[in-house]
Amino acid sequence: MTDFDFAARVGRVEPSATLAISNLANELEADGIDVVDLSVGEPDFDTPENIKRAATDALDAGHTSYTSSNGVPELREAIAEKLRADGIDCDAGNVIVTPGGKQALYEIFHTLIDEGDEVALLDPAWVSYEAQARMAGADLARVDLSPYGFQLEPALDDLADTVSDDTELLVVNSPSNPTGAVYSDAALEGVRDLAVEHDITVVSDEMYDEITYGVEQTSLGSLEGMGDRTLTVNGFSKAYAMTGWRLGYFAAPEDFVSQAGKIQSHSVSCAVNFVQHAGVEALRNTEESVVEMREAFRERRDMLADLLADHGVDVSVGDGAFYMMLPVDSDDQAWCEGAIEEAHVATVPGSAFGTPGYARISYAASQERLQEGVERLAEHGYL
């Protein structure tokens, strides 16, 4: 057997903890065990019919070839229209369409980060930020938001103490995965002031911007002074229940787009042609379905918080996304492993997000399954 000399970059990262838990759940289910899987951030809704029809129409029209690497013009313009509505100065030339939001982030990290550059994260942080930064060779600086109810505004002094002129990139995710927190305008203005002071580029991951409850999410790139230093990432997986379609994008100044486009062209070439046409339909004609899914998520969030409260568990209830951080034992990895093996409830350890002592619950599941999951956790002593 060949003794491979693996590249250092793969040794810097571990497999995705979210997918590892999901894989374990799938293995148990293959053995005939009923698992309440609250681990994966995937809407349990089917993709809206109008989007599926648009994909079928695009296939019938022969949209099965390569597209321009940065995306079909119609979709790039539709994305630019959406971002302009969010207050961002953007046109189609500022947009790269990618096969999923992860690819957008991958291209950003590898366009901007050299070995030893500093990337700042706000913990809890989505699992792939650290992995992608490390693959690019970054050193990490971290700010813990857990003492502040996962909100950024009260942690601005901590952020100010963490970033410096040596910070190359700061990643902000609002609404947040894994907490559901939607950062206040004052928090984002604080980020703006620090980014300008230290000349920091900021990634604004807005994947959940359409999933908020009673609050409006502000796009960081819309703030004065942030237009030329914000890289806005978004996609179609969450708001439109299109996880398997693999369609995302980022918007950036044109000089950044020209450099990142090299990575896109030499790696994935382009996003799938007919899927891009479905993306146009998603952006322009799917608001009613988005509202229906958002309302269902809100009802599930409120029900889950009430169920946990009935068992004496107090949680921070976020205003967006579809996640909740459940306080558990200090050894959250052992808690999550026990919960899936004994109670057959799948969650994700908080340490995977840089915040030990918690487990992430996804409430992108039916009310019946959420109730079943809580009952199982309580019955087996996990609440």
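Trainee: Which helix gives the most to the lining of the second largest pocket, and with how many residues?

Mentor: That's helix 6, which puts seven residues into the lining of that pocket. Before we go on, keep in mind that we're looking at a predicted model. The second largest pocket has a volume of about 290 Å³. There are 17 residues lining this pocket, and the closest to its centre are E14, P15, S16, V127 and A131. Helix 2 also supplies at least two residues of the lining, as helix 6 does. Sort that lining by class and you get eight nonpolar, four polar and five charged residues.

Now hop over to the largest pocket, where about 760 Å³ of space lies. Its lining takes in 37 residues, and V40, G41, E42, K238 and T243 are the ones closest to the centre. By class, the lining of the largest pocket splits into 16 nonpolar, 12 polar and nine charged residues.

Next, the aromatic rings. The structure holds 12 aromatic pairs. Take F45 and F297: they sit edge-to-face, 5.5 Å centre to centre, with 75° between the planes. F45 lies in the loop between strand 1 and helix 3 (49-60), while F297 is in helix 11 (residues 287-310), so this pair ties together parts that are 252 residues apart in sequence. F45 has a relative accessible area of 26%, so it counts as partly exposed, whereas F297 is buried at 1%.

Y208 and Y323 form another edge-to-face pair, with 5.6 Å between centres and 80° between planes. This one also links distant parts of the chain: Y208 is in the loop between strand 6 (201-205) and strand 7 (230-235), Y323 is in strand 9 (residues 323-327), and they are 115 residues apart. Both Y208 and Y323 are buried.

Last, the cysteines. You'll find zero disulfides here. C90, for one, is in no disulfide, and the nearest cysteine sulfur, that of C270, is 20 Å away. C90 is buried, with a relative accessible area of 5%, and C336 is buried too, at 1%.

Technical notes:
Residues numbered from 1 in each chain as written. Predicted model: local features only at pLDDT ≥ 70, side-chain atom pairs only at ≥ 80, totals over all residues. Heavy atoms only, no water. 1 Å grid on protein atoms, 1.4 Å probe; cavity = no way out; pocket = protein on both sides within 12 Å on 5 of 7 lines; lining within 4 Å. Points joined across faces, edges and corners; volume = space filled by probe spheres on them. Nonpolar A, V, L, I, M, F, W, Y, C, P; charged D, E, K, R; others polar. Helix = DSSP H or I, 4+ residues; strand = E, 2+ residues; numbered from the N terminus. Disulfide = S-S within 2.5 Å. Buried < 20%, exposed > 50% of the residue type's maximum accessible area, 1.4 Å probe, protein only. Phe/Tyr/Trp six-rings, centres within 6.5 Å; stacked < 30°, edge-to-face > 60°.
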